[in-house]
Number of protein chains: 2
Amino acid sequence: MEDKRIYALPESYAMNGGEGTYSYSQNSNYQRGVVEIAKEKINEAVANHFDIKALSDSLKPVCIADLGCSTGANTFISVQNIVEAIEQKYKSKGVNAKIPDFLVFFNDHVSNDFNTLFKSLPPNRQYFAAGVPGSFHGFLFPKASLHLIHSSCALNWLSKVPIEVMDESSPAWNKGRIHYTNAPKQVVEAYSTQFAKDMESFLFARAQELVVGGLLVLFVPAVPDVMSNSDTFTGTELDLLGSCLMDMAKVGLVNEAKVDSFNVPVYYTSPKELKALMERNWHFSMKRMETLNNQKKHLNLRNPSMRSLYLRAVLEGVIEKHFGNEIMDELFNRFSDKVAGSSCFLNPETEKLIILFVLLERNN
Amino acid sequence: MEDKRIYALPESYAMNGGEGTYSYSQNSNYQRGVVEIAKEKINEAVANHFDIKALSDSLKPVCIADLGCSTGANTFISVQNIVEAIEQKYKSKGVNAKIPDFLVFFNDHVSNDFNTLFKSLPPNRQYFAAGVPGSFHGFLFPKASLHLIHSSCALNWLSKVPIEVMDESSPAWNKGRIHYTNAPKQVVEAYSTQFAKDMESFLFARAQELVVGGLLVLFVPAVPDVMSNSDTFTGTELDLLGSCLMDMAKVGLVNEAKVDSFNVPVYYTSPKELKALMERNWHFSMKRMETLNNQKKHLNLRNPSMRSLYLRAVLEGVIEKHFGNEIMDELFNRFSDKVAGSSCFLNPETEKLIILFVLLERNN
């Protein structure tokens, strides 16, 4: 291969595996809500923009990838929706339309629990399934080998924590916090710059992997344009978790320097910012961009222990890597207590996270 | 899809996962020997029969599958040999030959430890990697989507134990044994019939999945034509394991009826038998068939505990499914003792298992 390919990046974050109490598969109701409202968007995207003429040779399989699939049922529902939408498009062409085979690639970090994912594959699925381990910030598939790429609730994960926020000598050093909300603007900028770089490498890799005319269907957790970051519920939720860690540092349960050097590699973009980043990439035409209303976003919010479980399923891997596993129960018990003691955290109206739907088509 | 596809069969046998003492990855020296002697055969097969003209569009990736890959390094060595052989073929066409991307599918049962497999993928590999869970006795890939399929030391596993050998009312009931060696001829026939059915469904599925001209490269553990089954070392090794189970039944450590109903779903074909089965399938032309000499076959044999580990890495999954895990240490300690007490088991000359290399090409 003439170009230097990045097959995997060193940083690797995965949701909790298995099917137990703390697993992602048992604690991803919020993400399920996104999948449900996504169905209509997927149907429209395929109906209006998926070019089945380019695939008229029924010997060619339709190849689909779900990036950042994790382990739960959500990925199977999304994929089912996509496959059905494409089948529908073939059927609408008349009774003689031969429906091709489907090959679906489920991608997530190498540390994702693929064993659990594979064991829970729907037995009656009408597609062939494969797992692809690796970071979606690098190349994952051969050139021009995919027809549709989907990713839901995954692009908010950065490829890594921006270096500056861990550097004591930098104005962006994020001492005493684990996220950019309520932090100096240099910290916010460091996160934002990292997100821009990650989106660039993400779009570049996807542009190689998609056939001309192929679709990139993204559902990206974000915050509204008008908000400051500290208004975001999820932001302040991470602040709350950070304050639990600081409390634990004060009583000697964790090392304070360890807390200073810990930052959650998650960034919530805004519609304006994401639009600008998408438009900067000339490989794609933006066909749609809109804000979705996740009806299920409040499901986890009213009960402090459910809220704690939800966050633990998502963050335990990252926290364990930095602090080890011993602090986990204590940390999330404290988090749960703080949530219970804070009325604003149990009021769903304060939850401001939105989901951006973006549909891109690979240019000629 | 118009034809009824079998995406996965209920029976699922996998080698021991992880990288611990009893893992397949630590106890597959015998299979490693096969991989080493296979290299030359793979090179010849690609050089003489892999049609790169059909792939001259460098935008098309070369798609390769390894069926029954398990978790150890063996699968990566085999795949590396295949990719290098194909690259070499492109390079031999001149400096301007553009080498296409490679996509390699690693397949094994859904119970295989794909997490360990993915974590041990070579970081500098020159191919894209995907895992495909499911039985190779059914369909695993879209129609005409693969250029080369490889399988080493896997086709000796049957899709299931033949029903008759577990049926008390059948003349093929295999009471007091766990395998067909030293059994009535009805038992041997039941195994042989199952193998024939399995090969038929294996070849039928592969014929759909390969492009015209695609290659099927098989390395199949077998016994020589001239032997009776009871002459086979591996056969009598399974007998020895069966006798350990019967001993344990006698002292009440396992239920005797449980032993009667337990049979190892492994069959060693012969060159003559395999040739006849291959020739029965009109989708393929047989390009080569020969017996290989595995120099490493004696590596595990001289030391009773290594021999026990080797067998345990391969059979623990099947035994656990039937008896539970509690009996495992006792069983393999007893096995190790019996091997130590039997001079013939430590004499490598009595090991008669051979490896058959078969090269098939998908017909027009």
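In chain A, residues 24 or more positions apart account for 83% of the contacts with a separation of 6 or more. The model behind this figure is a predicted one. Chain A is built from 9 helices and 7 strands, and 60% of its 364 residues count as buried.

Q194(A) sits in helix α4 of chain A. Leaving out residues up to four places away in sequence, Q194(A) touches L158(A), S159(A), K160(A) and P162(A). Take L158(A): Q194(A) is 36 residues away from it in sequence, yet the two C-alpha atoms are 7.1 Å apart in space.

Next comes the nonpolar core. The largest one has 239 residues, and those with the most contacts inside it are F105, F106 and I319 of chain A along with F105, F106 and I319 of chain B. Helix α4 of chain A (residues 185–209) gives the most to this core, with 11 residues. What does F105(B) touch, once neighbours within four places in sequence are set aside? In chain A, F105(B) is in contact with L103(A), F105(A) and A130(A). In chain B, its contacts are C63(B), I64(B), A65(B), D66(B), A130(B), V132(B), F141(B) and L146(B).

Now for helix packing. Two packed helices are described by the angle between their axes and the distance between the axes. In chain A, the axes of α1 (residues 29–49) and α2 (residues 74–91) come within 9 Å and cross at roughly 20 degrees. That angle is under 35 degrees, so α1(A) and α2(A) are roughly parallel to each other. The crossing of α1(A) and α2(A) is right-handed. Among the residues making the contact are V35(A), I42(A) and V46(A) from α1(A), and I77(A), I82(A) and I86(A) from α2(A). By class, this contact has 8 nonpolar, 7 polar and 4 charged residues.

The crossing of α8(B) and α9(B) is right-handed. On the α8(B) side, the residues that meet α9(B) include L311(B), E316(B) and I319(B), and I319(B) is also one of the residues with the most contacts inside the largest nonpolar core. On the α9(B) side, they include L331(B), F332(B) and F335(B). The contact of α8(B) with α9(B) divides into 9 nonpolar, 3 polar and 5 charged residues.

Notes:
Residues numbered from 1 in each chain as written. Chains lettered and ligands numbered in written order. Predicted model: local features only at pLDDT ≥ 70, side-chain atom pairs only at ≥ 80, totals over all residues. Heavy atoms only, no water. Core = buried A, V, L, I, M, F, W, Y, C linked by side-chain atoms within 4.5 Å. Buried < 20%, exposed > 50% of the residue type's maximum accessible area, 1.4 Å probe, protein only. Helix = DSSP H or I, 4+ residues; strand = E, 2+ residues; numbered from the N terminus. Contact = heavy atoms within 4.5 Å. Left-handed = near helix turned anticlockwise from the far one by under 90°. Nonpolar A, V, L, I, M, F, W, Y, C, P; charged D, E, K, R; others polar. Axes fitted to C-alpha atoms, helices over the stretch in contact; angles between N-to-C directions. Parallel < 35°, antiparallel > 145°, perpendicular 65-115°, else oblique.
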